[in-house]
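Colleague: I'm new to this one. Could you walk me through it?
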Amino acid sequence: MTTDSNGFYSISGLEKGTYTLTPSKYGYGFAQASYQVTTDERPETFDITAISYLTLTSPLGGELLETGTEQQITWTSNFLTNIKIEYSDDDGSSWILIESSVDATAGSYNWKVPDIESTKCRIRVTDTIDANVTDMSDTGFTVTKPAFINLINLTGGEELINLNPFEIQWESHR
């Protein structure tokens with residue numbers, strides 16, 4: 001068996017008969033799990049080609065993220081060098097670039113969640129060479145501002161007298 005730099009495996013000169021080949025290499029996926037090969041009187045040569053894949057593993061959807069926090073984007077990949085990472089705040093109708101080229105073998109990227117509010121956010125990862133090798137969040141996740149309460153008319157030092165009504169005003173988020 002020989003292997004070239006593109007991931008092609010070639011087997012030549014098999015004796016007449018039927019063989020089952022099960023290619024395996026840690027961290028690699030193959031187009032089929034095993035191959036049945038039958039040779040006749042002449043030597044046969046065939047190729048087994050490893051396939052590229054990219055799978056987003058987080059965030060997949062349903063999460064609640066706060067603006068300004070760090071969120072880890074994670075993925076698994078095979079036979080890729082670099083990937084592009086994008087997000088959408090409109091369920092994938094448009095995409096905003098997070099990073100144009102990240103080492104695909106890293107498997108994760110720390111993303112600072114932008115100052116947006118949406119219940120329709122998604123992440124998409126794409127191979128920088130072949131745009132057909134891509135994956136995105138299964139469903140939308142939510143990005144919101146952190147929860148807060150801000151007192152408007154109490155600034156400190158006020159004197160409240162027992163049994164006298166005093167209106168307290170505030171603003172809050174979430």
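Modeller: A definition to start: buried means under 20% relative accessible area, exposed over 50%, and partly exposed in between, with a 1.4 Å probe and protein chains only. R124, at 23%, counts as partly exposed. This is a predicted model, where local features need pLDDT of at least 70, side-chain atom pairs count only at pLDDT 80 or more, and totals for chains, interfaces and linings use all residues. Residues are numbered from 1 along each chain as its sequence is written, and side-chain values use heavy atoms, leaving out hydrogens and water.

Colleague: What does R124 form a salt bridge with?

Modeller: R124 pairs with E86, the closest N and O atoms being 2.9 Å apart. A salt bridge is a side-chain nitrogen of Lys or Arg within 4 Å of a carboxyl oxygen of Asp or Glu.

Colleague: And is E86 buried or exposed?

Modeller: E86 is buried, at 8%. R124 is in strand β13 (residues 118–127) and E86 in strand β10, so the pair ties together parts 38 residues apart in sequence. Strands (E, at least two residues) are DSSP runs, numbered from the N terminus.

Colleague: How many salt bridges are there?

Modeller: The count is four. Among them is R122 with D91, with the closest N and O atoms 2.8 Å apart.

Colleague: Where is D91?

Modeller: D91 sits in the loop between β10 and β11 (96–103). Its phi is positive, near 65 degrees, though D91 is not a glycine.

Colleague: New topic: which peptide bond is cis?

Modeller: The bond from S58 to P59 is cis, with omega near 0 degrees. Most peptide bonds are trans.

Note on methods
Helices (H or I, at least four residues) and strands (E, at least two) are DSSP runs, numbered from the N terminus.
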